[in-house]
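Good morning. Please have the structure open.

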Amino acid sequence: MKPLGANEIRRMYLEFFKEKDHYVQKSYSLVPQDDKSILLINAGMVPLKPYFAGTQTPPKNRMVTCQKCIRTDDIENVGRTARHATFFEMLGNFSFGDYFKKEAIEWAWEFSLNYLGMPEEKLWASIYEDDDEAFELWNQHIGLEKERIVRLGKEDNFWEIGTGPCGPCSELYFDRGPEYGCDDPDCKPGCDCDRFVEYWNLVFTQFNKDEEGNYTKLPSPNIDTGMGLERVAAIMQDVKSIYEIDVAKRIYDKVVEMKGTPETPEEGRSIKIITDHVRAVTFMIGDGIVPSNEGRGYVLRRLLRRAARHGNLLGIKKPFLKDLMATVVDIFGEDYPELKEKQDYIRKIISAEEEKFQETIGQGMEILRGYIEEMTKKKERVLSGSDAFRLYDTYGFPLDLTLEIVREEGLSVDEEAFRTEMEAQRERARSSRQKEGSEGWKENPMRALDSSVKTLFSGYEKMTEEGRILGMIKDGSIQKTVEEGDEIYLVTDRTPFYGESGGQIGDKGQFSHKKGKGEVLDTQIDKNGRTYMIAKVREGTFSTGDTVELKVDRKRRFATMKNHTATHLLHEALKTIVGDHVNQAGSFVNPERLRFDFNHFEGLTPEEIEKVEERVNEVIFEGRGVSASFMSLEEAKKKGAAALFTEKYEDHVRVIAVKDYSLELCGGCHVSNTSEIGMFKILHESSVASRVRRIEAITGQGVFHYLKEQEHLLKNVAGTLKAQPQNILRRIEELLEEQKQQQKTVESLKGKLAGDVVGDLVKEAVTIKTVPVILKNLGEKDMDEIRKIGDGLKDSIESGIIVLGAKSNGKASFIAIVTKELIKKGIKAGDIVKVGAKVAGGGGGGRPEMAQAGGKNPEKIDEALDAVKAYVEETL
């Protein structure tokens, strides 16, 4: 059998089925699209479920893929067995009502023999025990001896998940030889030993199972096959483990090289874990997943931190995964070009996460070791949930990592208590958000109105509209008539007023008719999607059924529209300049400014901010048209419209297009041309949550007012510095230079003064049991001055003890110095300084030859020095 590399097998497989008239679909993202049942794609057929279910039409009724997959169910077995991994590639050919068993079996046999070159005598097949059709195809059509066709039960060879499409399956096995087998003379596929390796599963989806357990034939049966690339590569390369195949071995060997010392048998598991996890991490980040404490982001974080921890066990103390990632990209980049395209971004994400973990792993491990030691002393076997939660919350240890470490010590964790702590934290966060009013109205203010009362919004086209009053609510009750001074909720059949939603603030304005005038203070949308105006009657009366003129505050709305369109320009600029991974995490626009939250792993650099600002202004100055259109949600997605896909959208959506620039789902109000925005200026960029950044910016007149403020500030600064505005920088540099020279003069004078003090203090030295001792309260001095005097004294005496105290920044400061020959006699500066500091209400320490300390009570410095003297006398 000719050894074949994994990349070669992948390409060969796709090409083979392309020749069989299959549509070659490149691997779908690891992130499921429109499927909330799973966090990550875990099988080749998962992205194709809509085609099998008939809810979507496939590009062709025959398809072939090599799908990236992640499974973490057996993460504890990674590195322990020859076949477990979190990341793997699944080769699969599929038929949607086209070919069936005959072709699926024929082509699997043809590819195995004629392309992979497997010896025919090494191949076996298993079938479902009642599937005589499959038996006949294998035996009569293919010519496989009946002794090598094994009938297995429903548990092994029938695919079904609850109700719905299901069917029997047939699996291909490779016989590795009796040396891998057991003592059973009847050993064959289905045995638990390692002799027969299942490498290809052919699922014949031909039945539909109902809730009563009845099976009926599908009118159009399907084919769903799966062949693990790593497993078949291990067969072709005649190796015992998937970690020995060519693509994994290169990563494995790179880990050993980074380790810097020859591999030992005990290190094999850690190297395998890193080999697997770095591949998973690289592909996950390449598909836009970022580390977090929730969902798939948490899966990524635990894999990354688990790999980093095992690097630590190997003696790799510095961040290394970002460099190992380059090997993964080098191996897989040709077949997965997105890895090459996003390599710098992947590196940044890994680097940021690994460095963050490296900062805390030492402390966390120390804390955990302390917990384990304490448990051992108390003969306890279970780490408390609160301790495990502290490791997670403070030191970033995912629960899985804590579990792994304690299990290595034969211990366990109270996982239920951990989850209780986690839920309590989430509840605290929810309560906090509720206090801030994020839940909005506790009760629906429109509850008094009949649910059939609806309002047509006409504000996209006009800012003035006539509407008939459908209802008015005051103090929770419906009012037929309201009068001057009344504050009400007002509902009309039509309104140009935009209700706050989608991050855009609600409109203000006026309403009137011949008998009265009123002011709209705000516009909101209730829980049933009805627009209502929060209003106050200024003059006259209004009654239900009256027709009123509704006028939006045009200036305020127009300013809001500028800011809203600017958020779209900003979003696209961030994607272009910072990275395609950037996605909107929230926004808020009002007439004064805009706020835009987005997913990103680090703060923007000043250069990035400048480029983003410049790009947005370019699009504004180019005067690009802005248009709105309605289409199906599916059509919008196909066109690439950006959306907050965490949001729930109707089937029919509104799409805002900036010509040749951006496309977004949005129900807000926008300018018709980017030039109407005028100008764009970023004011702040900051962090609002883990991996969520916020930009605050202004547009139009806001920028003008901002520039005027800056101009006034510049003039005031120039006046204070007695310089022209254009010369401010030079004047500041001159002043800084003058200050620098003056500081040098001050330091020089301090040095001379310290020299004089040193001379005087040497003369004041007292002798205690033949040892010269200098004890002095220096009055008001900073710590630098105290140290300089101490150093001067040390240079001036051959042997002795020096203890100095001074008042520094309203507190007591001490320094103690002991010469070397006295240290040998047991006199230590750290012990001496602690005595003085304790009297002054503080503490400190340091090296035996020099130590410093502080205290809260500077008035006790003399008392402290007396205590030091007594201590020295006693010690000597």
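Let me start with Phe-94, which is buried because its relative accessibility is 1%, under the 20% cut-off. Bear in mind that this is a predicted model.

What does Phe-94 pair with? Its ring partner is Phe-52: the centres are 6.2 Å apart and the planes stand at 75°, so this counts as edge-to-face. Phe-52 is in helix H2, residues 49-53, and Phe-94 is in strand E3, residues 87-96, so the pair ties together parts 42 residues apart in sequence. Phe-52 is also buried, at 16% relative accessibility.

How many aromatic pairs are there in the whole structure? The search finds 31. Another one is Tyr-13 with Phe-111, edge-to-face, with 5.5 Å between centres and 90° between planes. Tyr-13 belongs to helix H1, residues 6-19, and Phe-111 to helix H3, residues 101-115, so here the parts tied together are 98 residues apart in sequence. Both residues, Tyr-13 and Phe-111, are buried. They also belong to a cluster linked by ring pairs, whose members include Phe-16, Trp-107 and Trp-200.

Next, charges over rings. Arg-176 lies over the face of Tyr-180, 4.0 Å from the ring centre.

Last, Leu-778, in strand E30, residues 771-780. Is Leu-778 buried or exposed? It counts as buried, because its relative accessibility is 14%. Leaving aside residues up to four places away in sequence, Leu-778 touches several residues, among them Val-757, Ile-789 and Leu-804. Its C-alpha atom is 9.7 Å from that of Ile-861, 83 residues apart along the chain.

Definitions and conventions: Residues numbered from 1 in each chain as written. Predicted model: local features only at pLDDT ≥ 70, side-chain atom pairs only at ≥ 80, totals over all residues. Heavy atoms only, no water. Helix = DSSP H or I, 4+ residues; strand = E, 2+ residues; numbered from the N terminus. Buried < 20%, exposed > 50% of the residue type's maximum accessible area, 1.4 Å probe, protein only. Contact = heavy atoms within 4.5 Å. Phe/Tyr/Trp six-rings, centres within 6.5 Å; stacked < 30°, edge-to-face > 60°. Lys NZ or Arg CZ within 6 Å of the ring centre and 35° of its normal.
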